[in-house]
Amino acid sequence: MDTIDAKLLRDMFIAGADALEQKKEYVNDLNVFPVPDGDTGTNMTMTIQSAVKEVKDLKSMSMTDLCKAISSGSLRGARGNSGVILSQLLRGFTRCVREYDYIDTNICAEAFERAVETAYKAVMKPKEGTILTVAKAGSDMATYLADSDIDPTTYFETVISHMRDVLSKTPDMLEVLKEAGVVDSGGEGLLVILEGAAELLAERMPKPEGAKAPDISGLKKNTAPKKREQPKKSVAPKKQERRVYAPARSKADISTADIRFGYCTEFIIELEREFDSRNEEELKIFLEAIGDSIVVVADDEIIKVHVHTNMPGIALTKALTYGALSRIKIDNMREEHNEILANEDTASKTSTEPSDEEEPQDEVSEDNKDSEDDNDTGDKKDGVKARKPAGFITVSVGKGLSEIFAGLGADVIIEGGQTMNPSTEDMLNAIDGINADVIYIMPNNSNIILAAEQAAALTEDKSIVVIPSKSIPQGIMALINYMPNRTPEENRNVMTEEMANVKSAAVTYSIRDTVIKGRKIMQGDIMGICDSEILNVGAQVMSTTVELIDRMVDRDTELVTLYYGSDTTEDEANLIADKVMEAHPDIEVEVHYGGQPVYYYYISVE
């Protein structure tokens, strides 16, 4: 039977990515909401092209190297919910096939199953009728055909045909798709990739003469044959990520004299030789002999190490026997402990007003990074930044909104939001740029939350708290409600609860004709959107905005805040504020410059 090697798989992957690049606007047009956002096709394209870049940079070609590049590139480059799910599908697929030198249909079935399993786990509340459903259909057919004696091209064509059949039924699974007259955009994007890959496979590996489509009638009866075992390649199997924990007491609960091991030492070993279970046990025993609070995370090519010790140099010397070191961090815990006690003593004598660490920053870094002058990410001692107890990352779009977030204490402001969803790598770079024990992320968009959570999962040396803010007003409310005297868990709960008390809305224009919940919307119409629902549609920005606010306020409303964008004016915003206060004299209205593109207004109702 014909098989697929690393070189052919690489070419298929690039062909699939190129196909999506060519059809991304078509995929974008399938989005239900007719808003000019960074849509599904754009997000999936940028995600997979991030992986393509790593693949093209490979200096050697093996299945292991290829799979690592695809997985790493897509994980770090993932944008939007569809991009994150795509990256998880690729991650699961590559985790399976990296164990083999060649892939046949049985291995493909195993990889499809692993891909779907990984993607479903990444989504807190999986919804059927989406890209996940289409991927699951592919896995079902791939498994059903796994033990069939058919050529790879016919195999992939049959799998893809079944997936497209299921995609055509997604409008029956989600009412919003049926009403808009479209299939799921994420599922279409996935199929475009697979069809591009299959087309190249057919060119390189044509069907044998007389090849027939397989009988798939038994699939609906759940009679898929059991997969046979396949020999793996002659290398050591992939090491599962392993963690060893020896928890230490909280620094705030002990005295300085009780700190037996004074230096918190963290580093990454870039492996230069084989690191098996015996080596891992040897390293753990060595670290236990010189310290405590040991965490060892072993993966394919790196080892992440954390240890409290009085001999950090000895720990580093031992680590060098396994490979090169990076991300070395050594903190004097006795000094940190004294600072914690001093801060707690100060906090007990003062009110809960923000401390100097949370004072507003002067301006936002243009490169979204901390610098010596802008958005300082740590207090300085003798020219060296000390580690902060907490840091803040927020996603913003527009100069005015970024200045507001900076004024509230955000350390790093990632430009993105609605029109361009930031990637997981953008989040990771922001995390790396903040010298803090705990970092809070406010995504401020429902389509960015998964990328933030993925970045949190990929971060080992800091505690990351993702506050699931779905809008700019929610992010502002969350940041306002952070208090330094609370634990991270307490802050997470309070910040999340408080932002839920804010009604968020936006005013923008429709980019195409559509029907949503029985409402006909024409291209160019002005739409008032509140909490992901189109509340009203009009012909003019001002009247539509006033009507939207009227529909949002109730007897408990005290404050309405307008953030006007780059395509409107302060004068118009003030006129809207006057009309709202005239209609609702008991309600206060504030107007702020947001500077956001695409959206005429962001609105907060409290």
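The dialogue below looks at cysteines and then at a sheet in this predicted model.

Q: How many disulfides does the structure hold?

A: The idea is to look for cysteine sulfur atoms within 2.5 Å of each other. Here the count is 0 disulfides.

Q: Is C67 buried or exposed? And C108?

A: A residue is called buried when its relative accessible area is under 20%. C67 has 2% relative accessibility, so it counts as buried. C108 is buried as well, with 3%.

Q: Now the sheet. What holds strands together?

A: Strands of a sheet pair through backbone hydrogen bonds, and the pairing is parallel or antiparallel. In this structure, 6 strands form an open sheet with mixed pairing, in the order β15-β14-β11-β18-β16-β17.

Q: Which strands stand at the edges?

A: They are β15 (533-538) and β17 (588-593); each has a single partner strand, so one of its sides has no neighbour in the sheet. From one strand to the next, the twist averages 20 degrees.

Q: In which sense do β16 and β17 pair?

A: Strand β16 (residues 559-564) runs parallel to β17, with 6 bridges between them. Follow one of these: Y563 has H592 in β17 as its bridge partner.

Q: Which helix packs on the sheet?

A: That is α17 (residues 472-480), which touches β11, β16 and β18. Its direction makes about 50 degrees with that of β18.

Conventions:
Residues are numbered from 1 along each chain as its sequence is written. This is a predicted model: local features need pLDDT of at least 70, side-chain atom pairs count only at pLDDT 80 or more; totals for chains, interfaces and linings use all residues. Side-chain values use heavy atoms; hydrogens and water are left out. Buried means under 20% relative accessible area, exposed over 50%, partly exposed in between (1.4 Å probe, protein chains only). Two strands pair if DSSP finds at least two bridges between them. Helices (H or I, at least four residues) and strands (E, at least two) are DSSP runs, numbered from the N terminus. Axes are lines fitted to C-alpha atoms, for helices over the stretch in contact, and angles run from 0 to 180 degrees between N-to-C directions. Contact means heavy atoms within 4.5 Å.
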